[in-house]
Amino acid sequence: MRIRASHVLGTVVVAVAAVGCSSLPQTAELDRLTQSITQASFRDQGEVKVDRLVQDESNRECSEAQARGTPLAPEQAKAIEEANLKTVKWPQAGRFLGDWKEGEKIAQSGRGLTWTDDAKTPNGGNCYNCHQISRQEISFGTIGPSLYQYGKLRGVTDPDSPQSRAIVEYTWGKLWNSRAYNACSNMPRFGHAGIINEEQIRHVMALLLDPKSPVNQ
Amino acid sequence: MRKTILLLALGLGAGSATLAQKSATESIEEYRAMLADGNPADLFEAKGEALWKQARGPKNASVERCDLGKGPGVVKGAFVELPRYFADTGKVQDLESRLVTCMETLQGFDGKAIAQTPFNQGEQNNVTALATWVAAESKGMKFNLPQSHTQERVAYEVGKRLFFMRGGPHDFSCASCHGEEGKRIRLQDLPVLTKNPGNGVGFAAWPAYRVSNGQMWSMQQRLNDCYRQQRFPYPIFGSDALTALSTYLGVNAQGAVSAVPTIKR
């Protein structure tokens with residue numbers, strides 16, 4: 001690995017030197033250069049391995065579009081959404097909702113998957129980092145929209161009713177893989193990436209949709 | 001007395017979430033203002049100044065003749081023009097990696113060993129102290145990174161791509177948090193780093209003293225912790241990726257006044 005990394009770096013230096021001192025390399029060459037520099041600049045630490053640098057197609061296309069400063073072509077966005085929707089694993093026996101109290105704990109926790117986290121501690125959902133959720137918690141982020149009264153505002157009085165089915169399914173899908181509905185959403189793909197498990201998602205679902213949850217008061 | 005406070009708190013909670021929100025933010029602002037009075041970074045700055053002149057290392061020499069880009073021994077104004085291209089190493093370097101180069105060439109230290117030393121340990125402490133002093137010598141000056149050499153422009157372009165590179169289990173990039181105006185994580189305001197975020201903000205704020213862990217952090221350490229929270233693998237100290245990213249942030253901060261060393265929560 002070490003040998004490969006230094007070899008890559010050597011190639012990078014040569015590539016840049018060959019370009020000379022006057023002109024900037026073409027976009028494709030800068031993309032390749034970024035890849036080789038990235039490969040040579042990170043190392044494993046604890047549970048976190050360098051394989052995390054491998055981007056899937058969704059991330060690669062969204063990153064490139066953002067760096068270019070132009071949105072994805074509509075058909076490109078649609079293809080990403082379709083591919084991500086296919087990954088959504090629907091809950092066993094149609095059980096969508098768990099316990100909102102557990103959901104609140106998961107929403108509060110930002111633990112998990114950094115190189116300083118203990119792999120034995122359950123991962124959190126990081127939800128409050130970006131969203132307002134319950135009204136009681138005033139320390140919330142604003143990267144995502146407010147989810148206060150999420151279920152109530154969407155008319156969910158009985159999550160098991162046929163009228164609620166569409167919004168309940170959408171919420172599950174959004175938590176499992178947010179990119180199924182918004183190609184370059186900032187939100188992590190919690191189920192798809194295995195950040196939290198199916199049971200934890202059920203609890204977060206309850207926090208958002210259970211009429212008894214403080215979110216819907 | 002306790003009852004009154006409790007009632008007051010209840011009243012606040014029941015009255016308006018926005019009001020509670022605002023006062024929480026305000027008290028954090030007050031806390032920050034109190035912190036700014038008497039920044040322990042001064043101690044690291046003094047240590048860095050002493051280290052600059054001190055004969056050390058296998059060659060028992062000082063780094064006083066270190067060329068930080070404006071000629072050997074010129075410190076004032078060097079920080080606000082880094083990262084930049086250095087002909088002797090054939091590389092774009094940031095402040096910390098350049099200091100390690102000088103410790104290697106002038107003092108005979110093993111640069112690789114320093115790069116592998118964890119932050120806040122051994123020679124890394126000295127690199128941070130030196131960086132703090134060098135940076136502080138440019139306090140009040142405006143960022144003005146050179147972009148005349150091709151490699152400096154290549155570093156900017158690579159840094160831009162790294163800034164937007166989504167990956168890891170959470171799909172985070174730098175832009176996830178620092179790409180849009182007026183966003184927060186919990187109550188922490190996030191600077192937009194795709195442009196000049198203002199004087200003494202973002203790139204113009206590090207090295208900084210961190211009250212939460214009582215440590216002095218260089219920009220290398222700040223970026224390292226960003227990548228940790230991004231759930232990325234560990235960025236190697238002085239690596240080309242960190243230099244490129246710093247170049248992107250530094251060029252974007254063109255014209256911002258350096259407030260370094262600052263104090264953070």
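Predicted model: local features only at pLDDT ≥ 70, side-chain atom pairs only at ≥ 80, totals over all residues.
## Composition of the two chains

Chain A contains nine helices and one strand. In sequence order, its elements follow the pattern α-α-β-α-α-α-α-α-α-α. Of its 217 residues, 38% count as buried. Among contacts in chain A between residues at least 6 apart in sequence, 59% join residues at least 24 apart.

Chain B has ten helices and eight strands. Here 44% of the 265 residues count as buried. For contacts in chain B between residues at least 6 apart in sequence, the share that joins residues at least 24 apart is 70%.

## Domains of chain A

Chain A is divided into domain 1, covering residues 2-73, and domain 2, covering residues 92-216. The contact between them takes eight residues from domain 1 of chain A and five residues from domain 2 of chain A. On the side of domain 1 that touches domain 2, four residues are nonpolar, three are polar and one is charged.

## The contact between chains A and B

Chain A contributes 50 residues to the contact between the chains, and chain B contributes 44 residues. On the chain A side, α1 (2-19), α2 (27-41), β1 (42-43), α3 and α6 (127-130) each supply at least two residues. The largest share, eight residues, comes from α2(A). By residue class, the side of chain A that touches chain B divides into 25 nonpolar, 18 polar and seven charged residues.

Strand pairing also links the two chains. Strand β1(A) pairs with strand β7 (residues 234-235) of chain B in the antiparallel sense, over two bridges. Within this pairing, A:F42 stands opposite B:P235 of β7(B).

## Helix α3 of chain A

Helix α3 of chain A comprises twelve residues, 57-68. At 1.5 Å a residue, the helix should span 16 Å, and its end C-alpha atoms are 16 Å apart, which agrees. Just after α3(A), A:G69 takes a positive phi of about 80 degrees.

Which residues of α3(A) are buried? They are A:S58, A:N59, A:E61, A:C62, A:S63, A:Q66 and A:A67. The buried residues of this helix pack against α4 (74-85) of chain A, and also against α7 (150-163) and α8 (174-178) of chain B. An α-helix has 3.6 residues a turn, so residues three or four places apart point the same way.

## A three-stranded sheet in chain B

In chain B, three strands form an open sheet in the order β6-β5-β8, with mixed pairing. Strands β6 (215-217) and β8 (262-264) of chain B stand at the edges; each has a single partner strand, so one side of each is left without a neighbour in the sheet. From one strand to the next, the twist averages 30 degrees.

Strand β5 (residues 208-210) of chain B and β6(B) run antiparallel and are joined by three bridges. The bridge partner of B:A208 in β6(B) is B:W217.

## Prolines in the loops of chain B

The bond from B:L82 to B:P83 is cis, with omega near 0 degrees. B:P83 lies in the loop between α3 and β1 of chain B. The bond from B:V260 to B:P261 is likewise cis, with omega near 0 degrees, and B:P261 is found in the loop between α10 (240-252) and β8 of chain B.

B:P58 is placed in the loop between α3 (41-53) and β1 (84-86) of chain B. Is B:P58 buried or exposed? B:P58 is exposed, because 9 other C-beta atoms lie within 10 Å and a residue with 12 or fewer counts as exposed. B:P58 and B:Q107 are 49 residues apart in sequence, and their C-alpha atoms are 6.2 Å apart in space.

## Positive phi angles in a loop of chain A

The loop between α5 (100-108) and α6 of chain A holds A:L113. Although A:L113 is not a glycine, its phi is positive, at about 75 degrees. With 19 C-beta neighbours inside 10 Å, A:L113 counts as partly exposed, because the cut-off for a buried residue is 20 or more.

A:N126 is also found in the loop between α5 and α6 of chain A. Its phi is near 60 degrees, a positive value in a residue other than glycine. A:N126 has 24 C-beta neighbours inside 10 Å and therefore counts as buried.

Note on methods
Residues numbered from 1 in each chain as written. Chains lettered and ligands numbered in written order. Helix = DSSP H or I, 4+ residues; strand = E, 2+ residues; numbered from the N terminus. Expected span 1.5 Å × (residues − 1). Contact = placed C-beta atoms within 7 Å. Nonpolar A, V, L, I, M, F, W, Y, C, P; charged D, E, K, R; others polar. Pairing = 2+ DSSP bridges. Domains from an automatic or database assignment. Axes fitted to C-alpha atoms, helices over the stretch in contact; angles between N-to-C directions.
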